[in-house]
Amino acid sequence: MKNTALTTGAAALILAVGLAGHFASGAIYSSVEARDMISALSSPALYLGSAIAGSASTTLALMLTLLGLVRRADAEFDPQMYRQIYRIAVLATLLLAGAVVMLLLMTMPIGEFDDVPGRWFPMLYNVLYWIVVVLSAGLVAMVTMLFGTVRSLIAKLTPHDDV
């Protein structure tokens, strides 16, 4: 229960920061403003997308290692430990797929699109911005889930230590 609250709270905090950033940037009404904002967003988002993809794929591989460790340990693990590992693996998979989609969207030559309606660029900016925010919140959620799982694993393997 404590892990779920920590994970939810951390992700909600990132979403709140994203919402505050969205309101702070104001409404984008023209396609020129939106193109500039997309251009400013694309470079950091490419780095962030690459980092999320790398961390998600690494986490997924480490979950396999953790499963092997749990199965070989002398301690008996309850089904909750396996559910935690499964949830982390699902979230890592979703983050990896989301990061790939974001990277594909960010590599589009947006400045070269001249024959699209002017309303398209503000909508694209909002979609790209929220993909970045949601993936960031997911990454923080995954890390806090990992923390909770490692804390539970340590408590189970070393019950005399108060973790």
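Visitor: Among contacts between residues at least 6 apart in sequence, what share join residues at least 24 apart?
Guide: Keep in mind that this is a predicted model, where local features need pLDDT of at least 70, side-chain atom pairs count only at pLDDT 80 or more, and totals for chains, interfaces and linings use all residues. Residues are numbered from 1 along each chain as its sequence is written, and side-chain values use heavy atoms, with hydrogens and water left out. A contact means heavy atoms within 4.5 Å. Of the contacts you describe, the share joining residues at least 24 apart is 84%.

Visitor: Which pattern does the protein follow along the sequence?
Guide: Helices (H or I, at least four residues) and strands (E, at least two) are DSSP runs, numbered from the N terminus. The protein has four helices and zero strands. Reading along, you get α-α-α-α.

Visitor: How do the rings of Tyr-129 and Trp-130 pair: stacked or edge-to-face?
Guide: Rings of Phe, Tyr and Trp (its six-membered ring) pair if their centres lie within 6.5 Å; planes under 30 degrees apart are stacked, over 60 edge-to-face, and the rest tilted. Here the centres are 5.4 Å apart and the planes stand at 85°, so the pair of Tyr-129 and Trp-130 is edge-to-face.

Visitor: Is Tyr-129 buried or exposed?
Guide: Buried means under 20% relative accessible area, exposed over 50%, and partly exposed in between (1.4 Å probe, protein chains only). Trp-130, at 26%, is partly exposed. Tyr-129 has 13% relative accessibility, so Tyr-129 counts as buried.
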